Amino acid sequence: MAISETLLLGPGPCNISASVRAAISQPLLGHLDPAFLEIMESTKSQLRQVFQTKNTVTFPISATGSAGMEFLLVNFLEAGDKIVVGVNGVFGGRVAALAEKLGAEVIRVEQEWGRAVDTEVFCDTVKRESPKIAALVNGETSTGVYQPMTGVGEACRQAGALLFVDCVTSLVGMPVEIDAWGADIVFSGTQKCIGVPPGLAPVTVSDRAIEVYRNRSKPTPSFYFDLDAILAYIDGEGGRSYHHTAPISMVYALDAGLKEILAEGLEARWARHARAANYLRTEMEVFGFQSLVPEGERLNPLTTLRLPGG
């Protein structure tokens with residue numbers, strides 16, 4: 001099968017570099033081979049750097065970005081729990097819909113699509129409702145909105161809530177500062193700014209969230225996404241237990257992609273995305289296209305435009 005090279009300009013997947021392509025073509029190792037586990041540890045360490053966190057529980061879920069969302073909700077949310085969800089696009093709606101399927105009481109903070117969720121309204125709702133989880137989409141792929149996070153983590157701490165963040169489209173392309181934000185349960189995907197094929201969902205979980213998890217009233221209602229079972233394999237404390245066969249080649253690719261990111265530097269990468277986005281917006285204005293999202297709330301890795309009149 002021969003597939004010609006195509007320039008990918010959609011929201012993901014993206015074109016991959018020569019080094020990522022070379023990594024994914026390397027010979028396979030067993031999922032418990034010490035050489036592979038060394039690569040996994042390297043990947044986990046680099047993920048902490050790009051998430052800007054010290055969380056021990058930081059690793060790639062063996063599935064695409066949406067599985068990261070499901071992994072977090074199925075482990076940290078139980079039937080009857082309350083969750084406040086900011087909904088300003090498709091992916092906030094998905095968080096709310098899955099939470100409902102899990103039997104949670106969902107309080108939506110609705111916002112016009114193309115605008116960031118009003119953080120004052122969101123924080124006031126969190127303080128009033130005292131939910132178990134408060135959820136925001138930091139990079140709303142469906143609209144091109146970058147969600148400000150100032151003050152949200154503090155409000156969640158005051159209310160005793162865990163802060164859930166979707167940063168699939170923002171991680172590495174925009175500032176994502178998990179510890180500074182006070183975020184507790186966070187997921188992303190590999191197929192956007194990380195520059196790796198789809199297939200893994202990086203996640204990070206705070207110590208505070210682990211304490212909440214330990215106090216579940218019932219076991220996690222999933223085999224594949226069971227946090228304890230995965231940690232027994234991925235963490236390696238006192239040996240490793242088989243849970244699933246990790247996608248070996250994808251972990252190679254993620255390790256290589258993260259090395260490229262850290263060699264460039266996070267701030268340099270954010271600036272490169274900003275330059276490219278500003279150039280695109282400026283050039284498209286000549287043809288009558290206007291940005292959907294107001295300045296200050298725009299995702300640089302993903303630009304949404306209003307069609308010109310007529």
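Let's begin with what a pocket is: on a 1 Å grid over the protein atoms alone, a pocket is an open set of points where a 1.4 Å probe fits, with protein on both sides within 12 Å along at least five of seven lines, and its lining residues have an atom within 4 Å of a point. This is a predicted model, where local features need pLDDT of at least 70, side-chain atom pairs count only at pLDDT 80 or more, and totals for chains, interfaces and linings use all residues. Residues are numbered from 1 along each chain as its sequence is written, and side-chain values use heavy atoms, with hydrogens and water left out.

Now for the largest pocket, which has a volume of about 860 Å³ (the space filled by probe spheres set on the grid points, which are joined across faces, edges and corners). Its lining takes in 30 residues, and Leu8, Leu9, Gly10, His273 and Pro301 lie nearest the centre. Helix H11 (266–285) gives the largest share of that lining, six residues. (Helices, H or I with at least four residues, and strands, E with at least two, are DSSP runs numbered from the N terminus.)

The second largest pocket holds about 180 Å³ of space. Helix H3 (65–76) and H4 each supply at least two residues of its lining, which includes Gly65, Phe91 and Arg94.

H4 (residues 90–101) also turns up between two strands: with E2 and E3 it makes a right-handed β-α-β unit (with the strands pointing away from the viewer, the path from the first strand over the helix to the second runs clockwise). E2 (residues 82–87) and E3 (residues 105–110) run parallel, joined by six bridges; strands pair if DSSP finds at least two bridges between them.
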